[in-house]
Amino acid sequence: VSQSRYSQVIKRYEIANLVTGVAGMATTLGTGTQPALAINKNGYELHFFRTTESGGSIRRVGIDNIGQIVVASSIVVTGNVTIDGLAAYWYDDIPYLVYSHATNGITVLKSQDYGITFS
């Protein structure tokens, strides 16, 4: 099965009317597979998705609490990311990214700079 068969566009939808539940403002965040989302207590969002770059990489987008993209789509993990699922979460105001590395298996990265860099 071709990897491109599972590609999808990751979009964000916001509820514009809390009375009727009408959703609006679709924003394309990027193209990839296996998306993960982490939202902190202030509403800051980190969207992660796997791409086929360098044999499997992970990109992320940062969105503030009013829906503006403040960190453009960029690579946070280069190569050797398997097609298994991703996970992301915030703990004590630190974002974490969990993924499966082709050689090392399950890998957990954290960011000390609000999701800009991960190690």
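The structure is a predicted model, in which local features need pLDDT of at least 70 and side-chain atom pairs count only at pLDDT 80 or more, while totals for chains, interfaces and linings use all residues. Residues are numbered from 1 along each chain as its sequence is written, and side-chain values use heavy atoms, with hydrogens and water left out.

The chain contains zero helices and eight strands. Helices (H or I, at least four residues) and strands (E, at least two) are taken as DSSP runs and numbered from the N terminus. In order from the N terminus, the elements read β-β-β-β-β-β-β-β. Of the 119 residues, 41% count as buried; buried denotes under 20% relative accessible area, exposed over 50%, and partly exposed the range in between, with a 1.4 Å probe and protein chains only.

Strands β6, β7 and β8 form an open sheet in the order β6-β7-β8, with antiparallel pairing. Two strands are treated as paired if DSSP finds at least two bridges between them. In general, strands of a sheet pair through backbone hydrogen bonds, either parallel or antiparallel. Within the order β6-β7-β8, the edges are held by β6 (87-91) and β8 (105-110); each has a single partner strand, so one side of each is left without a neighbour in the sheet. On average, neighbouring strands of this sheet are turned by 20 degrees against each other, direction ignored. For this angle, axes are lines fitted to C-alpha atoms (for helices over the stretch in contact), and angles run from 0 to 180 degrees between N-to-C directions.

Strand β7 (residues 94-101) runs antiparallel to β6 and is joined to that strand by five bridges. One of the paired positions links Tyr89 to its bridge partner in β7, Tyr96. The hairpin of β6 and β7 has two residues between the strands, and Asp92 takes a positive phi near 50 degrees there.

Burial is a marked feature of β7: eight of its eight residues are buried, so the strand is largely enclosed by the rest of the structure. Both faces are covered, with Ile94, Tyr96, Val98 and Ser100 on one side and Pro95, Leu97, Tyr99 and His101 on the other. Ile94, a residue of β7, is buried with a relative accessible area of 18%. The C-alpha atom of Ile94 is separated by 8.1 Å from that of Asp113, although the two residues are 19 residues apart along the chain.

Strand β3 shows complete burial as well, with seven of seven residues buried, so that it is largely enclosed by the rest of the structure. Glu45, His47, Phe49 and Thr51 point one way from the strand, and Leu46, Phe48 and Arg50 point the other way. β3 pairs with β4 (residues 57-63) in the antiparallel sense over seven bridges, and Gly62 of β4 is the bridge partner of Leu46. The two strands form a hairpin with five residues between them, in which Ser54 of the turn has a positive phi of about 50 degrees.

The largest nonpolar core comprises 17 residues, of which Phe48, Ile58, Val76, Val77, Leu97, Tyr99 and Phe118 touch the most other members. At least two residues of this core come from each of β2 (22-39), β3 (45-51), β5 (69-77), β6 and β7, and β5 gives the most, with three residues. A nonpolar core is a set of buried Ala, Val, Leu, Ile, Met, Phe, Trp, Tyr and Cys residues joined through side-chain atoms within 4.5 Å.

A search of the whole structure finds one salt bridge, defined as a side-chain nitrogen of Lys or Arg within 4 Å of a carboxyl oxygen of Asp or Glu. Glu53 and Arg59 form this contact, their closest N and O atoms being 2.9 Å apart. Glu53 counts as partly exposed at 30% relative accessibility, whereas Arg59 is buried at 18%.
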